[in-house]
Amino acid sequence: MRGARRAAALTAVLLFAGVAAVLGLTTPWNPLPGHVPGGHVQADPSLDFTPHEIARAKAFDGAINPPAYSGLLVGLAVILVLGFTPLGSRFIGWTTARVRRRPLRVIAAAVALTTLLRVIGLPFDIWSEAVLRHYGLSTQAWPAWAVDQLKSLGVTWVMYTVALLLLYAIVRRFPRYWWTGAAAGGFVLVVAVSFIYPIAVEPVFNKFHSLPAGQLRTDLLAMAKRDGVPVKDVLVADASRRTTSLNAYVSGFGSTRRIVLYDTLLKSPRPQIESIVGHELGHAKRDDVLWGTLVGALGVAGGLCLLYLLTTSPRLLRRAGVAPHVPAARSTGPADPRSIALVLALVAAGTQLAAPVQNLVSRRIEARADAHALDLTRDPKTFVAMQHELSVRNIDDPNPNWAEYLLWMTHPSGPDRIAMARTWSKMRHAPIPPPLH
């Protein structure tokens with residue numbers, strides 16, 4: 001066992017070193033390289049947002065933060081208590097007491113735990129939805145919202161049960177070196193999920209159709225061709241049945257890669273739509289989804305090696321109330337389905353610790369996509385107008401605090417993006433977009 005633990009620790013170090021190397025080489029730490037005459041333009045919300053717009057965003061931020069932070073803290077507290085005390089193993093023992101076959105016990109435990117966590121978080125989700133309704137961001141009736149929650153829970157059941165069934169099968173088959181199979185399987189599973197997500201999961205929540213034939217479709221496909229990005233189609237999601245916010249995104253890779261526009265975006269002026277699509281083409285041209293998938297797969301593989309080290313710790317198993325039911329030579333921690341609470345607690349802790357780094361990298365990648373849109377359209381004035389419109393429609397905080405940057409923000413703030421457009425203009429010796437306010 002000691003040799004296996006040393007090998008797992010070394011493999012974890014190598015895998016996380018791989019993550020660091022990929023991030024270091026592919027993350028655009030300076031999305032706008034080169035000399036800026038007079039220096040970079042600094043973000044200033046007061047230049048482009050009216051006092052009313054800033055006050056409304058601050059009020060919304062003050063209303064949505066309490067349920068967001070409370071839900072996060074309560075959810076983490078519950079899963080950590082369940083995982084690091086005997087309460088989780090007792091709960092699983094109670095819910096699976098009448099289930100005999102081990103795979104069915106794993107499924108029952110996964111469903112019971114994820115359902116419990118969702119039920120505990122439901123009051124905070126309802127609170128958040130009420131805030132969104134009050135500010136006009138949500139257009140759903142409560143029954144439709146409830147259906148979406150059930151769909152989300154169903155997707156969670158499928159993903160967790162598949163992952164846990166595979167994990168526990170490997171643990172049973174290779175009690176000493178299960179981390180090898182788990183790391184390899186986790187890598188493959190992340191890649192597979194990223195590939196099939198656009199065609200297997202996204203249609204559960206939205207309906208998609210091709211952008212209708214017309215001048216807009218012709219112009220967007222021509223822009224993609226000019227950019228050297230192979231795009232067979234541009235899809236439109238029926239987001240308006242759920243929200244009034246504006247958005248677009250790229251998902252999948254290879255044959256499942258797709259550029260999707262919210263139908264709410266189609267009412268915007270055409271130059272602004274082209275600016276948004278130029279941003280998404282930046283993601284596609286740089287294969288951001290593919291690189292993100294690689295980083296995620298390496299991170300999950302390394303995390304599973306760490307999971308092996310932690311779940312083979314007798315002290316941690318005793319703390320979690322998971323006593324081995326096999327001889328000491330085959331004591332492997334996760335072999336007992338009652339350890340699922342501990343596994344989910346460790347996953348939740350690792351995910352939360354990784355979030356600030358993921359958000360930092362994401363903001364740099366989004367900034368590079370913004371720069372790509374500016375290079376492609378060469379229209380910083382429209383870019384500034386679009387970023388203002390996005391911020392106002394989505395009620396984004398123009399001056400987020402450090403906690404929001406760490407925990408939530410995957411994109412630069414609206415003023416940051418506008419400042420980048422003005423910096424781009426200075427670098428290209430183009431007319432600098434004047435203040436909007």
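**Exercise 1. Cavities**

How many cavities of 30 Å³ or more does the count come to? Describe the second largest cavity and its lining.

Solution. The model is predicted.

Step 1. The count comes to two cavities of 30 Å³ or more.

Step 2. The second largest cavity has a volume of about 40 Å³, which puts it above the cut-off used in the count.

Step 3. Its lining consists of Gln42, Ala43, Asp44, Leu47, Asp48, Pro415, Ile418, Ala419 and Arg422.

Step 4. Helix H2 (45–48) and H16 are the elements that give two or more residues to this lining. H16 gives the most, with four residues.

Step 5. Sorted by class, the lining residues of the second largest cavity are five nonpolar, one polar and three charged.

**Exercise 2. The second largest pocket**

Which helix gives the most to the lining of the second largest pocket? State also the volume of this pocket and the make-up of its lining.

Solution. 

Step 1. The volume of the second largest pocket is about 420 Å³.

Step 2. There are 19 lining residues, and Pro31, Ala367, Pro412, Asp416 and Met420 lie nearest the centre of the pocket.

Step 3. At least two lining residues come from each of helix H13 (340–377) and helix H16 (414–427).

Step 4. H16 gives the most to the lining of the second largest pocket, with five residues. H16 also gives the most to the lining of the second largest cavity, with four residues.

**Exercise 3. Strand E2 and its partners**

In what sense do strands E1 and E2 pair?

Solution. 

Step 1. Strand E1 (residues 208–210) pairs with E2 in the antiparallel sense, over three bridges. In this pairing serine 210 stands opposite leucine 235 of E2.

**Exercise 4. Nonpolar cores**

Solution. 

Step 1. The largest nonpolar core has 47 residues. Leu113, Leu164, Leu167, Trp178 and Ile340 have the most contacts inside it.

Step 2. H13 gives the most to this core, with nine residues.

Step 3. Another core, of 22 residues, lies apart from the largest one, and Leu265, Ile273, Leu376 and Leu390 are among its members.

**Exercise 5. Annotated spans**

Which residues does UniProt list as "transmembrane region"? Check the helix content of residues 152–171 and 178–200 in the model.

Solution. 

Step 1. The unreviewed UniProt entry lists residues 68–92, 104–124, 152–171, 178–200 and 289–310 under this name.

Step 2. Residues 152–171 are 100% helix and 0% strand, with end C-alpha atoms 28 Å apart.

Step 3. Residues 178–200 are likewise 100% helix and 0% strand, and their end C-alpha atoms lie 29 Å apart.

Step 4. The unreviewed entry also annotates residues 77–207 as "domain: CAAX prenyl protease 1 N-terminal". Over this stretch the chain is 84% helix and 0% strand, and the end C-alpha atoms are 36 Å apart.

How values were computed:
Residues are numbered from 1 along each chain as its sequence is written. This is a predicted model: local features need pLDDT of at least 70, side-chain atom pairs count only at pLDDT 80 or more; totals for chains, interfaces and linings use all residues. Side-chain values use heavy atoms; hydrogens and water are left out. On a 1 Å grid over the protein atoms alone, a cavity is a set of points where a 1.4 Å probe fits but cannot get out, and a pocket is an open set with protein on both sides within 12 Å along at least five of seven lines; lining residues have an atom within 4 Å of a point. Grid points are joined across faces, edges and corners, and a volume is the space filled by probe spheres set on the points. Ala, Val, Leu, Ile, Met, Phe, Trp, Tyr, Cys and Pro count as nonpolar, Asp, Glu, Lys and Arg as charged, and the others, Gly among them, as polar. Two strands pair if DSSP finds at least two bridges between them. A nonpolar core is a set of buried Ala, Val, Leu, Ile, Met, Phe, Trp, Tyr and Cys residues joined through side-chain atoms within 4.5 Å. Buried means under 20% relative accessible area, exposed over 50%, partly exposed in between (1.4 Å probe, protein chains only). UniProt positions are given in the numbering used here, feature names are shortened, and annotations may be inferred rather than shown by experiment.
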